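Welcome, and thanks for taking a look at this one. Below is a short tour, grouped by topic, to read alongside the model.

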Amino acid sequence: MLRNLEKQATEGRAEMGKEGLRRELGLLRATLLGIGGTLSAGNFVILGHAIGLAGSAIVIVVISCGIISLLTMFSYCELGTIIPSAGSEYTFAKVAYGGFTAFITGWFEWLSNMFYAALSSVGFAYVISYFVPINIPLTAVLMIIIFTIINIRGAKEVGTTESLLTLTVLAILAIYVFSGWLQSQAMSPFELSAPKGLTGAFQATAFLFELYLGAEAVAVAQGEIKNPEKTIPRAMILSSLALIVIYTTIVYVTVRTVPPDILGEQASPITYVAEHLMGKLGAVLVTIGIAIAGLAAINEAIMAQSRILFALSRDGYLPRALGRTHRRFSTPHVAIVVSSVFTIALAATGFINFIVYAVNLGFIIGFSTVNLSLIKLRRRRPRLRRPFKAPGYPILPVVGIGTSLFLLLFIEPAVLIMGLELSIIALLAYYIRMIGYTRIRLAFGGLSLGIGGFVALLAYLVRSGFISLTPNFPAITNILIFISAVHVLAGILNITVKS
Amino acid sequence: MLTTTIGMLQSVIGGLAVIFTYTLHFNFFDVQTMLNITSELLPLYSFALIVFGSFSIISGLFLLHEGFESR
């Protein structure tokens, strides 16, 4: 695997030169790409809940999130220049570890992009709902359907349009910050307060972790970037630093203008504050800006999730059907449709906070893997040519892993349970490919028999009065017997499978 | 036919268990009070139901897959 690394790096560099794209993106436009990839409508909507948790200390929370993200961004830059054909956590893990680690990284990368697409669409709907009385889940679902069709037909990944759109969004946000800053001059000095203490601040950090995700969009566009070995790391770090400034000034102005307890109740706190600062026209302007950012984010997330599913299928981890490309449009249409079906199901719930935690869980795993991959490659291949070297090795990558994992403690327990479930499914999918379908079915046959027997015992205990249920459901014994019978039969059928 | 039916039933039971877990966790329709479930025991019930639901769905899907393959 490691011997292949040099080959892959060389192929990647060669690929960068023959993609048929003109290298016209300099440092400024590459940086704008990183900023544009990160700004999403969902990010501005979730600020309300985070402000409710952290109070005016949200300013410190936003800076902390930025620093944690920056720690991993250094690792990202180094790995991105060693493996230039890639640009995703999955590829880094594949080169450094291979096997199940690579698969589980790709699996969670796919899921977190899927959750991110749902978050962006729900966030977009929330922002629009400030002015137009719309059904939020329905609007979110419609947006996903529209962008699924666009992606199947083929969307151009990078271009001048994206840089212009990012500049427009940044200009609108600059007007917002400037208005807030002007008004804050007449106010009393700013005071930091955290009504829920340190726990609330940590909860807000875990909640806002995804705020800086997307700067890696620079690596995706490497085919169009001038002198990519130097420009990509610089652009990624510059965009991360710029985002820290952008988000910090936005939240500062926001909590300075309107008290945190009022902001915590707003569906779109930025729009609310914009109306407070600049009247209806200002609110409309900010809504347009956030909506533009939201649409771009939905498109990018749908594109990213389908590409990861496609790569997992191409590498033999998932069924081949997911790797099929459309005859006419040459896009991975099956992967796009499968991913979008799950995204629609998620977006239809409209549970924005649950989706945010799910995004964060996936990216915490992804970020940890990137740092681990860097450590592994530094130890195993110390003499490998590294156009960019992550500073502070090994302390910074270890701190990056530690801080990311620490935030897991503050993620909603239901999301962690779901993560555990998804890991079990991933483990199963992997071992079905690796050790064979029949053995897994035999194991599940045994499990079904065991569950069937346990439920039968439960039914007996309930019927004989050893276990009393309050309130009493007379039909419960019959239901339990039915469940037991189904599981016993399923167990027998699974065990008697022909190999 | 038997394989498909049992697979479908098992998957549906598993799916209902997962839906019920989330209903219980988020206390939709005040189900925790209705079933007299204390907050101390809630994680245990959630975990047991999630494991049961996941295994049932996967086992059922194996049978469904076999049922459709044999047609």
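Leaving aside neighbours within four places in sequence, which residues is Thr248(A) in contact with? The partners are Val59(A), Val62(A), Ile63(A) and Leu243(A). Please keep in mind that this is a predicted model, with chain A averaging a pLDDT of 84. Chain B and chain A bury about 2500 Å² between them, and seven salt bridges are counted over all chains.

**Confidence in chain A**

- In chain A, 91% of the residues score a pLDDT of at least 70.
- Residues 1-6 of chain A stay under 50 in pLDDT, and the model gives this stretch 15 contacts beyond four places in sequence.
- Residues 8-20 of chain A are also below 50, with 22 contacts in the model beyond near neighbours in sequence.
- Where pLDDT is low, predicted coordinates should not be read in detail.

**The interface of chain B and chain A**

- The contact draws 27 residues from chain B and 30 residues from chain A.
- Carbon and sulfur atoms give 77% of the area buried between the two chains.
- Six residue pairs are in polar contact between chain B and chain A, both partners being at pLDDT 80 or more.
- One salt bridge is found across this interface: Arg441(A) pairs with Glu66(B), and their closest N and O atoms are 2.6 Å apart.
- On the side of chain B that touches chain A, the elements giving two or more residues are helix H1 (2-25) and helix H3 (42-69) of chain B.
- H3(B) gives the most to that side, with 13 residues.
- By class, the side of chain B that touches chain A has 17 nonpolar, nine polar and one charged residues.

**Salt bridges within chain A**

- Asp315(A) and Lys94(A) meet through their side chains in a salt bridge, at 3.0 Å from N to O.
- Asp315(A) sits in the loop between helix H13 (269-314) and helix H14 (333-349) of chain A, while Lys94(A) belongs to helix H5 (residues 89-96) of chain A, so this pair ties together parts that are 221 residues apart in sequence.
- Arg314(A) is exposed, with a relative accessible area of 54%.
- Salt bridges that share partners join Glu78(A), Arg378(A) and Arg386(A) into one network.
- Arg385(A) and Glu229(A) form another salt bridge, and their closest N and O atoms are 2.9 Å apart.
- Arg385(A) lies in the loop between helix H15 (352-380) and helix H16 (395-408) of chain A, and Glu229(A) in helix H11 of chain A, so the pair connects parts 156 residues apart in sequence.
- Arg385(A) is partly exposed at 47% relative accessibility, and Glu229(A) is partly exposed at 24%.

- Thr248(A) lies in helix H11 (residues 228-257) of chain A. Why does Thr248(A) count as buried? Its relative accessibility is 15%, and buried means under 20%.
- Thr31(A) is found in helix H2 (residues 27-38) of chain A and is buried, with a relative accessible area of 9%.
- Beyond neighbours within four places in sequence, Thr31(A) is in contact with Ala235(A), Leu238(A) and Ser239(A).
- How many Å separate the C-alpha atoms of Thr31(A) and Ala117(A)? The separation is 22 Å, for residues that are 86 apart along the chain.
- Ser120(A) has its place in helix H6 (residues 99-128) of chain A, and its relative accessible area is 0%, so Ser120(A) is buried.
- Ser120(A) is in contact with Ser40(A), Ala41(A), Gly294(A), Ala297(A) and Ile298(A), again leaving aside neighbours within four places in sequence.

Conventions:
Residues are numbered from 1 along each chain as its sequence is written. Chains are lettered from A and ligands numbered from 1 in the order in which they are written. Side-chain values use heavy atoms; hydrogens and water are left out. Contact means heavy atoms within 4.5 Å. Buried area is the accessible area (1.4 Å probe) that two parts lose on being put together, summed over both. A salt bridge is a side-chain nitrogen of Lys or Arg within 4 Å of a carboxyl oxygen of Asp or Glu. A polar contact is a pair of N or O atoms within 3.5 Å; within protein, one must be able to donate a hydrogen and the other to accept it, and residues adjacent in sequence count only if both atoms are side-chain atoms. Helices (H or I, at least four residues) and strands (E, at least two) are DSSP runs, numbered from the N terminus. Ala, Val, Leu, Ile, Met, Phe, Trp, Tyr, Cys and Pro count as nonpolar, Asp, Glu, Lys and Arg as charged, and the others, Gly among them, as polar. pLDDT is the predictor's confidence in each residue, from 0 to 100. Buried means under 20% relative accessible area, exposed over 50%, partly exposed in between (1.4 Å probe, protein chains only).
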